[in-house]
Amino acid sequence: MRIDVLTLFPEMFPPIFTSIIKRAAESGRVEINIRDIREFTKDRHRTADEPPFGGGRGMILKPEPVFLGVDRIREEAGSKGVVLLLCPQGERFNQAIARELAAEDHLILICGHYEGVDERIREYLADREISIGDYVLTGGEIPAMAVMDAVVRLLPGVLDGEVVESESFEGGLLDYPQYTRPREFRGYEVPEVLLSGNHGEIEKWRKREALRRTFEKRPDLHPEIKLKNDEPEFLKNLGNERGNRNGLD
Ligand SMILES: C[S@@+](CC[C@H](N)C(=O)[O-])C[C@H]1O[C@@H](n2cnc3c(N)ncnc32)[C@H](O)[C@@H]1O
């Protein structure tokens, strides 16, 4: 996969090139190019933003350098790419969208800053608008990092497939609780079943704990959950225990 990011602040990005993302880049599974939008300006002041027409606060990202940047990237890459505008008004990013994006060959991410971007970027250039949540950040750089991180770790060969499959939101469940050494810490103990060596029982416990957590923390995820064996009964009892059955039937 190739990812190009258009930003006014390229210096914000280096931290993403560590850990798993760094390894993915080094092994050639992803190529990430951070591009300064000012590289595509034409005046000697490298003007990339200006005040809004009609008056009002802040500075608006101009259309020309962003369109030109996308044209240039497309030429270089020899592909149209999927253009993503990071934007608080966009569709709310989640694991399902990360999966869709991970199936693409080329993503072009546009980071707004200050008061936002000229509407023509949204209307005529962006294929998708992505929000990372209902709050407003200063710029699209942190959202771009979040999207890249979530997407790159799903690329084939970046992580062990089993690890990805058992994670939160895959299959509609939150992840089960995890413990490591020591067995006892300040009097807090690791659940006995995890020390038993009985893999069948461990699997069963993990699935139940994932169900319990999802039921308690995120009942809105329930339509995706496929229940097996005695799990429907387990959930029913959980609901009865709490006198609250508005969750996972
Ligand atoms: C201060 S925000 C502009 C907010 C805009 N005036 C509005 O109210 O919708 C500047 C830039 O940060 C990015 N941004 C801020 N919050 C975001 C979010 N929740 N998700 C994705 N991008 C965000 C966008 O690229 C946006 O253009």
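**View 1. Helix H5, residues 141-152, in the predicted model.** Helix H5 has 12 residues and spans 16 Å from its first C-alpha to its last, close to the 16 Å expected at 1.5 Å a residue. The expected span is 1.5 Å times one less than the number of residues in the helix. Helices (DSSP runs of H or I, at least four residues) and strands (runs of E, at least two) are numbered from the N terminus. Nine of the 12 residues of H5 are buried, so the helix is largely enclosed by the rest of the structure. The buried residues of H5 are Glu141, Pro143, Ala144, Met145, Val147, Met148, Ala150, Val151 and Val152. Buried means under 20% relative accessible area, exposed means over 50%, and partly exposed lies in between, with a 1.4 Å probe and protein chains only. Residues are numbered from 1 along each chain as its sequence is written, and side-chain values use heavy atoms, with hydrogens and water left out. Because this is a predicted model, local features need pLDDT of at least 70 and side-chain atom pairs count only at pLDDT 80 or more, while totals for chains, interfaces and linings use all residues.

**View 2. Strand S6 and the strands paired with it.** Six of the six residues of strand S6 (residues 106-111) are buried, so the strand is largely enclosed by the rest of the structure. His106, Ile108 and Ile110 point one way from S6, and Leu107, Leu109 and Cys111 point the other way. Strand S1 (residues 2-7) pairs with S6 in the parallel sense over five bridges; two strands pair if DSSP finds at least two bridges between them. Ile3 has Leu107 in S6 as its bridge partner. S5 and S6 also run parallel and are joined by five bridges. Here Leu86 stands opposite Cys111 in S6.

**View 3. The ligand and its shell.** The ligand has 20 residues around it, of which Leu86, Gly112, Glu115, Tyr135 and Leu137 come nearest. A residue is near a molecule or strand if one of its heavy atoms lies within 4 Å of it. By class, the shell holds 10 nonpolar, nine polar and one charged residues. Nonpolar covers Ala, Val, Leu, Ile, Met, Phe, Trp, Tyr, Cys and Pro, charged covers Asp, Glu, Lys and Arg, and the others, Gly among them, count as polar. S5 gives the most to the shell, with four residues.

View 4. An oxygen atom of the ligand lies 2.6 Å from a backbone N or O atom of Leu86. A polar side-chain atom of Gln89 is 3.3 Å from an oxygen atom of the ligand. A polar backbone atom of Leu137 lies 2.9 Å from a nitrogen atom of the ligand. Taken alone, the ligand exposes 590 Å², and the protein buries 84% of that. Strand S5 (82-92) and strand S8 (128-131) are the elements that give two or more residues to the shell. A polar contact is a pair of N or O atoms within 3.5 Å; within protein, one must be able to donate a hydrogen and the other to accept it, and residues adjacent in sequence count only if both atoms are side-chain atoms. Accessible areas come from the Shrake-Rupley method with a 1.4 Å probe; for residues, only the protein chains shown count as cover.

**View 5. The open sheet S3-S4-S7.** Three strands form an open sheet in the order S3-S4-S7, with mixed pairing. Its edge strands are strand S3 (49-50) and strand S7 (116-117), each pairing on one side only. S3 and strand S4 (residues 60-61) pair in the antiparallel sense over two bridges. Asp49 stands opposite Leu61 in S4.

View 6. Thr41 sits in the loop between strand S2 (31-36) and S3, and is buried, with a relative accessible area of 16%. A polar atom of the Thr41 side chain lies 2.6 Å from the backbone oxygen of Arg38. Arg46 is also in the loop between S2 and S3. Phi of Arg46 is near 55°, a positive value in a residue other than glycine. Arg46 is partly exposed, at 38% relative accessibility.

**View 7. Ser196 between S10 and H7.** Ser196 lies in the loop between strand S10 (188-189) and helix H7 (199-217). With a relative accessible area of 43%, Ser196 is partly exposed. Its side chain reaches the backbone oxygen of Val193 at 2.6 Å. A polar atom of the Ser196 side chain is also 3.1 Å from the backbone nitrogen of Asn198.
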